[in-house]
Amino acid sequence: MITITYLTALLVTYFGYSFFFTFGKLRDYFDWWQRGNNVQGYAPICLGHEDFFMRRFYHRVQDCFGRPIASAPDAWVDVVERYSDDNNKTLKRTTKTSRCFNLGSYNYLGFGSFDEYCTPRVIESLKKFSPSTCSSRVDAGTTSVHTELEECVAKFVGQPASIVFGMGYATNSAIIPVLIGKGGLIVSDSLNHNSIVNGARGSGATIRVFQHNKPAHLERVLREQIAEGQPRTHRQWKKIIVVVEGIYSMEGDICHLPEIVSVCKKYKAYVYLDEAHSIGAIGKTGRGVCELFGVDTADVDIMMGTFTKSFGSCGGYIAGSKELIQYLKHHCPAHLYATSISTPSAQQIISVIKVILGEDGSNRGAQKLARIRENSNFFRAELQKMGFDVIGDYDSPVMPIMIYNTAKIAAFSRECLQENLAVVVISFPVTPILLARARICVSASHSREDLIKALQVISKAGDLTGIKYFPAAPKKHEEEKDGIK
């Protein structure tokens, strides 16, 4: 469903980019003519479309990005005030902070700040083990806490074994090349995270993409690729891995896992599930999309996730069969060469899992899971009633508000910050040119009263920037997606 308002936003966005591109290139030409071609025979070290974009586009709105904070990423956060005296090319920090309602952090369950159960145990771990192991896992970087964490994660996600890493991004980018290489086929969702994309490219395997969250198209791609075989030789593929996410971080929608697993079983393809945003956030006991849809975890061959969202820590994990995990421990460079996850961070994850499962002797975990679901669905429904184009699924704590026109993201972000509301805005090159958006992340630590006040601020900012594209009636999820593709 494409409306006149959307078409207007499309045309204005293209016109704005064309205008800036034309005059940016003219300015580059005159600057080059005045300075000379190069210095002492060296080619420019920073040259290309990315550099041009940073110089001529990004610096005009860079005050909306990378805002430093001076507190824990809780429901409310202290945002450091900045200023510029060179037309926004550089930003300088002040000693002042603004207390803002936080709708930008991934603090889904509210464990990103002090917790009565987790924090004391983390402090004790810090005293005993120090902030860093100063070693890789295979040297002197494995402590009793790391061993306990891997057992705890495997039990929590329902797999025989797991392995943990110090960085979530590196979990995908380092693991995928270990699992598959030349002669293999990776079938990836078109909107998979950049860590998956880079991991797939680094593997040397053939990559094919299927339409976002469309099991029918996945089946068509698998059928065609199996029939054709490897490029040039047409030999049988050595291995096929289908990579999907539990909740897509830029879309807010939940993976159609049952249908995808069914297709993969039919064509004997392995399933790689990235649950960075879904583990701990959805499912009756926080165990992610498998629990949400009743999918047997034995049908998911590789389960990946991060600890940076619901667990309030850092790092990532891979869970699967004992044979898989043992193989990764002997071949994965992120395990062999990178410094292991810090012990206090590992202790934080263990403590959070115990709270979620009620092993701390309370029902706070169940209450947090219920609250994140209630807050997410309430906030999404209210945004849709206001006329915003909100994509994603109910129960998902990630809800993008489509802005489309890139010029409006700065106005929306600045207006919200002026009203002490911290939001994240996203545009090209992270998203396609016409799909700029504000990404709202709701937390269990948000009170209903604060959410209502935030909605009032967002509504006012939406009126001022003209991004309430559907004021008459909210659209259904599928209609929204059809309208922006």
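In which sense do strands E4 and E6 pair, and over how many bridges?

## Strand pairing

Strand E4 (residues 184–189) and E6 pair in the parallel sense, over five bridges. Strands (E, at least two residues) and helices (H or I, at least four) are DSSP runs, numbered from the N terminus. Two strands count as paired if DSSP finds at least two bridges between them. Gly184 has Lys239 in E6 as its bridge partner.

E6 also pairs with strand E7 (residues 270–274), in the parallel sense over five bridges. Here Glu245 is bridged to Asp274 of E7.

## Model basis

This is a predicted model: local features need pLDDT of at least 70, side-chain atom pairs count only at pLDDT 80 or more, and totals for chains, interfaces and linings use all residues. Residues are numbered from 1 along each chain as its sequence is written, and side-chain values use heavy atoms, leaving out hydrogens and water.

## Strand E6 and its crossover

Six of the seven residues of E6 (residues 239–245) are buried, so the strand is largely enclosed by the rest of the structure. Buried means under 20% relative accessible area (1.4 Å probe, protein chains only).

E6, helix H8 (residues 257–266) and E7 form a right-handed β-α-β unit. Right-handed means that, with the strands pointing away from the viewer, the path from the first strand over the helix to the second runs clockwise.

## Cys255

Cys255 sits in the loop between E6 and H8. Cys255 is buried, at 0% relative accessible area. Beyond its neighbours within four places in sequence, its contacts include Val244, Glu245 and Phe293. Contact means heavy atoms within 4.5 Å.

Definitions and conventions:
Buried means under 20% relative accessible area, exposed over 50%, partly exposed in between (1.4 Å probe, protein chains only).
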